[in-house]
Structures are given as structure tokens and as C-alpha cells.
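Subject: Structure for you to look at

Hello,

Here is the structure I said I would pass on. Please open it beside this email and follow along as you read.

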Amino acid sequence: DGTSFLFPHQQDLFKVSTIHPTTIEHNSTQTSHEIMCDFGREILGHVRITILPSNASIPSSSSVEPPIQLRVGETRAEALNDNEEHFEQSIDLCTNGDDNTMWLSSHLLAFRFVRIIIASDDIDPDEVTIACLSQEAEIDNNAGSLDFGPNAPSDSNILDKNIWDCAAATLKLCI
């Protein structure tokens, strides 16, 4: 029919929207404070972390290391992983501005869960906000369909169905 095929990484991203977590949990340890966010569904986008200025000192832009660490995953277990050997995506952060109050993931990430680790006592966890700049490619309704008919697992096998649904949602991010 004369139309050319585009691979997923070649598609133009047409829609960028800000998405906020559906749930946020705080957890403190002796050495850090952690914020776990669930966005409620799988997302493709950049994680944006904003540290509201307060009386605390935020490292200057000459600092190479961000004052926070980022972990992401399609599952809670992936986001809880701290072993770099098992990271599936780059979790590098870059600053957006001279004052180091806004950080953005350096690369597009596919995730549902985001965990922020704050190891500095100078940052108040209540003054940290997390959002996602979601990016979606325009897909034609037929190409984006995830109805696999009789090949999909039945509703009676809950575990297989959950695995299938997670895989289908991840696949849709790549279409």
C-alpha cells in the first residue's frame, strides 16, 4: 500500500503530559529516607524530581552527584533493587537549572514504581515532589490492540493472567 514501516524507537512522540503518583509511601532508616511512588500503571517517560527550596542547603550546580538517588521498576520489587548489576535501565539524573532544585531522568524510562533515596539530612522529604513527564507515540488503533484472542490466559488462572497483563502493558509501551 506504499506506507513505510516505522520501528518503535523511530516514532515521533506526540503527546507529553505530566502524571502524578496515585500513592506515595515514606520510609525512614538510620541512614536515609525513601519515597516509594506508584503511578498506578506502566508509563514511558522521564521522572521529574523537585526539591522545594527551604532553609536547608541544596548542593550547588558544581556538584557532580545529585543529592538523591533514583530507582524505577515495573514492579515494586524492581524499584526496591539496589544492586546495579541487576538494573534494567539507566537511572542517571541531570539537573534542570543552576540551583539543583529540579532533577530529571537522563533517559526515557519504562516504569510503574519510582523510589527516591534521600541520604542527606539537609533535604526535607516532605519538600520533595515526584512526577512523570509521560511520552506516548501516536499509534493506530488496530496496531495498538492487545487482544490476543484464544492465546491469552484464561481468567481462572490469576497468576498467569497477571503476568500476561503486565507483559501486554509493557508491550504497548513499545508499540
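Is histidine 20 buried or exposed? Histidine 20 is exposed, because its relative accessible area is 51% and the cut-off for exposed is over 50%. Please keep in mind throughout that this is a predicted model.

Histidine 20 sits in the loop that runs between β1 (13–19) and β2 (23–28). Leaving out residues up to four places away in sequence, histidine 20 touches Phe39, Ile130 and Ala131. Threonine 129 is 109 residues from histidine 20 along the chain, yet their C-alpha atoms are separated by 9.1 Å.

Now the whole protein. It has two helices and eight strands, and their order along the sequence is β-β-β-β-α-β-β-β-β-α. Of the 175 residues, 33% are buried. The accessible surface is about 10,800 Å², and carbon and sulfur atoms account for 50% of that. If you take the contacts between residues at least 6 apart in sequence, 74% of them join residues at least 24 apart.

In soluble globular proteins, nonpolar side chains tend to be buried together. The largest nonpolar core here has 22 residues, and the members that touch the most others are Ile49, Val114 and Ile130. Two or more residues of this core come from each of β3 (33–51), β4, β7 (109–118) and β8 (128–137). Strand β3 gives the largest share, seven residues. For a closer look, select valine 114. Apart from neighbours within four places in sequence, valine 114 is in contact with Ile35, Met36, Cys37, Phe39, Val47, Leu70, Arg71, Val72 and Ile130.

Rolling a probe the size of a water molecule over the atoms shows where empty space is left. The second largest pocket holds about 300 Å³ of space. Its lining consists of 14 residues, and those nearest the centre are Glu65, Pro66, Gln69, Ile91 and Asp92. Sorted by class, the lining has seven nonpolar, three polar and four charged residues. Strand β4 (residues 68–73) contributes the most to it, with four residues.

Two other residues are left. Asparagine 81 is in the loop between α1 (76–80) and β5 (93–95). Why does asparagine 81 count as buried? Its relative accessibility is 19%, and buried means under 20%, so asparagine 81 falls on the buried side of the cut-off. Not counting residues up to four places away in sequence, asparagine 81 touches Arg71, His86, Phe87 and Arg115. Arg71 is 10 residues away along the chain, and the two C-alpha atoms are separated by 7.5 Å. Arg71 is also among the contacts of valine 114.

Cysteine 94 lies in strand β5. With a relative accessible area of 32%, cysteine 94 is partly exposed. It touches Met102, Trp103, Leu104 and Ser106, again without residues up to four places away in sequence. Between cysteine 94 and histidine 107 there are 9.5 Å from C-alpha to C-alpha, and the two are 13 residues apart in sequence.

That is what was found.

Regards

Definitions and conventions:
Residues are numbered from 1 along each chain as its sequence is written. This is a predicted model: local features need pLDDT of at least 70, side-chain atom pairs count only at pLDDT 80 or more; totals for chains, interfaces and linings use all residues. Side-chain values use heavy atoms; hydrogens and water are left out. Buried means under 20% relative accessible area, exposed over 50%, partly exposed in between (1.4 Å probe, protein chains only). Contact means heavy atoms within 4.5 Å. Accessible areas come from the Shrake-Rupley method with a 1.4 Å probe; for residues, only the protein chains shown count as cover. On a 1 Å grid over the protein atoms alone, a cavity is a set of points where a 1.4 Å probe fits but cannot get out, and a pocket is an open set with protein on both sides within 12 Å along at least five of seven lines; lining residues have an atom within 4 Å of a point. Grid points are joined across faces, edges and corners, and a volume is the space filled by probe spheres set on the points. Ala, Val, Leu, Ile, Met, Phe, Trp, Tyr, Cys and Pro count as nonpolar, Asp, Glu, Lys and Arg as charged, and the others, Gly among them, as polar. A nonpolar core is a set of buried Ala, Val, Leu, Ile, Met, Phe, Trp, Tyr and Cys residues joined through side-chain atoms within 4.5 Å.
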